[in-house]
Amino acid sequence: MVSRSAVSDDFRKQVLGYGLTTAQIFYRMPDHPSLLQSYLWQDYDLFPKFPALKDFLAFWEKSLDGPLFSVTVAHSKLIKPAELRAIDGVFRLH
C-alpha cells in the first residue's frame, strides 16, 4: 500500500482533471504607464473556467499597483486517455 504522502499534490490534481496552465501577463508600470512589463504565471488549473488563474488576477487587481494590459493563456492536459485501437489477427516472427 502506498502512503498518501508518497503521491504529490500536483499528480493528484492531474488525475482529477487539472492541466498545466501558463499565463503571460503584460501590465503597465505604475510609475511609467507607457512602459509594459511581462510576468509569467504557471500552475495547475481547470479548463475552460480557470478558477486558479481568475483568483490570481483578482488578487493582482486588488493588491498590486500595475494595471493589467493583456493576459495570454496556454493550457495542456498532461494526463490523457490512452490511444488504443483493436488489431485483427496475430503475427508471429521466428
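**View 1. Overall fold of the predicted model.** This is a predicted model in which local features need pLDDT of at least 70 and side-chain atom pairs count only at pLDDT 80 or more, whereas totals for chains, interfaces and linings use all residues. Residues are numbered from 1 along each chain as its sequence is written, and side-chain values use heavy atoms, with hydrogens and water left out. The protein has 2 helices and 3 strands, which follow the pattern α-β-β-α-β along the sequence; helices (H or I, at least four residues) and strands (E, at least two) are DSSP runs numbered from the N terminus.

**View 2. Contacts and surface.** Of the contacts (heavy atoms within 4.5 Å) between residues at least 6 apart in sequence, 57% join residues at least 24 apart. The accessible surface, computed by the Shrake-Rupley method with a 1.4 Å probe, comes to about 8,000 Å², and carbon and sulfur atoms contribute 57% of it.

**View 3. The cis peptide bond at proline 48.** Phenylalanine 47 and proline 48 are joined by a cis peptide bond, with omega of about 5°. In general, most peptide bonds are trans.

**View 4. Phenylalanine 50 in the loop between β2 and α2.** Phenylalanine 50, which lies in this loop, has a positive phi near 50° although it is not glycine. Its relative accessible area is 13%, so phenylalanine 50 counts as buried (under 20% relative accessible area, with a 1.4 Å probe and protein chains only). Buried residues make up 17% of the 94 residues in the protein.

Conventions
Buried means under 20% relative accessible area, exposed over 50%, partly exposed in between (1.4 Å probe, protein chains only).
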